Amino acid sequence: MKRPVSLPLVAILVLLFVPALAAQDDGIPRTASGRPDLNGTYDAATLTPLERPVRLGERAYLTPEEAAEIAEEERLIQEGGVAKSDANREAPPEGGAKVVGLEHTAGGGNEFGAGNVGGYNLFWIDRGSDTYRVDGQIPTSIIIDPPNGRMPPMTEAAQERMRATFAHFLRPNDGTAWWVEHDGPGPYDGPESLPTSERCLVGFTGAAPTLPSLYNNFKRIVQTETHVVILLEMIHDARIVRLNSEHPGPEVTKWLGDSIGWWEGDTLVVETTNFHPNGRGFRGGSENARVTERFTVQVGGDVLYNFTVEDDATWTAPWTGEYLWKADEGNVYEYACHEGNYSMGGTLRGARVLEADVLSGASTGAE
């Protein structure tokens with residue numbers, strides 16, 4: 001004969017299991033321990049810009065009609081980018097031209113001078129086909145604070161730092177070794193003088209925070225009870241987040257920064273500090289930056305990615321952005337950034353040739 005279950009015991013079982021059952025019914029995928037399940041691949045491509053167009057002021061959202069217009073404009077651009085080229089078109093201008101997705105015609109196109117190249121079409125461009133919604137609204141920008149949807153002003157020191165860093169790289173390539181006329185290091189002295197992205201050390205989209213780009217927008221998250229790995233498709237950056245840990249001392253710096261994380265309810269919070277001083281920072285940021293990211297799984301499996309950048313050595317105020325990572329069944333393939341890379345050696349050898357031309361001309365002029 002079975003022993004009857006007492007009423008108090010039934011009540012306890014109900015109290016224990018009903019919340020768990022309710023949690024499983026909220027539409028959010030969860031791990032065996034009940035945490036939101038972030039494991040998976042996500043497509044972070046979006047047509048929503050990082051900064052809000054100035055003309056929109058503090059207007060935070062688009063209408064569905066405006067969003068549809070943006071998507072249609074991109075569709076037409078992509079359609080034109082894959083159109084066949086005219087076999088009878090004229091040759092490009094001497095020294096090269098950069099014409100991406102647009103057929104070059106005499107007097108038209110975007111011409112940049114010697115040594116620059118462009119794509120034959122938009123095959124490599126994949127910046128998304130639409131905007132995204134958050135709580136049913138369509139944001140006008142990824143940045144949500146400051147209220148104007150734009151990055152706060154840079155400090156004077158940061159502006160000077162940016163000018164010094166990019167002075168060489170912003171000058172158009174005119175096919176001459178113009179840098180020999182300036183004192184100090186040149187932009188092509190050696191591998192270490194080239195940007196970190198060209199050296200495949202840090203991705204074009206940034207690591208913390210990470211933003212959408214023209215291509216390679218997939219992210220993959222692998223989650224355990226003690227660590228979370230965030231793999232970025234761009235330049236194969238793999239961030240290892242230690243849960244419930246502490247940062248090392250300031251003497252320890254890393255190209256991607258040091259990331260620790262913890263759970264606040266159903267949101268994974270990741271804090272990143274200890275950036276490498278030679279990493280040239282996220283959008284001009286310094287090694288003293290502190291980036292706080294929040295990953296919140298949405299009903300259906302998408303992830304709302306929110307981040308705040310604090311860097312008083314660079315910006316006059318903190319700034320915050322958020323956008324949607326859409327769950328995807330695709331894979332993140334190897335970027336192989338430096339595999340078979342002949343361009344860096346070609347760049348440095350070409351610089352030596354141009355320098356020799358200048359020195360030869362200088363000595364000839366002296367005779």
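**View 1. Handedness of the disulfide.** The torsion about the S-S bond of cysteine 200 and cysteine 337 is about -70°, so this disulfide is left-handed. The model shown is predicted. In it, the sulfur atoms of cysteine 200 and cysteine 337 lie 1.8 Å apart. A search of the whole structure finds one disulfide.

View 2. Residues under 20% relative accessible area count as buried. Cysteine 200 is therefore buried, at 11% relative accessibility. Cysteine 337, at 17% relative accessibility, is buried as well.

**View 3. Helix H2 along its length.** Helix H2 spans residues 64-81, which makes 18 residues. The distance from its first C-alpha to its last is 26 Å, close to the 26 Å expected at 1.5 Å a residue.

View 4. The buried residues of H2 are Ala67, Ala71, Glu74 and Gly81. Seen down the axis of H2, these buried residues fall within an arc of 80°, so they line one face of the helix. An α-helix has 3.6 residues a turn, so residues three or four places apart point the same way. Strand E2 (61-62) and strand E3 (138-139) are included in what covers the buried residues of H2. On the face turned away from the buried side, H2 carries the exposed residues Glu65, Glu69 and Glu73.

Methods. Residues numbered from 1 in each chain as written. Predicted model: local features only at pLDDT ≥ 70, side-chain atom pairs only at ≥ 80, totals over all residues. Heavy atoms only, no water. Helix = DSSP H or I, 4+ residues; strand = E, 2+ residues; numbered from the N terminus. Expected span 1.5 Å × (residues − 1). Buried < 20%, exposed > 50% of the residue type's maximum accessible area, 1.4 Å probe, protein only. Arc of directions from axis to C-beta. Contact = heavy atoms within 4.5 Å. Disulfide = S-S within 2.5 Å.
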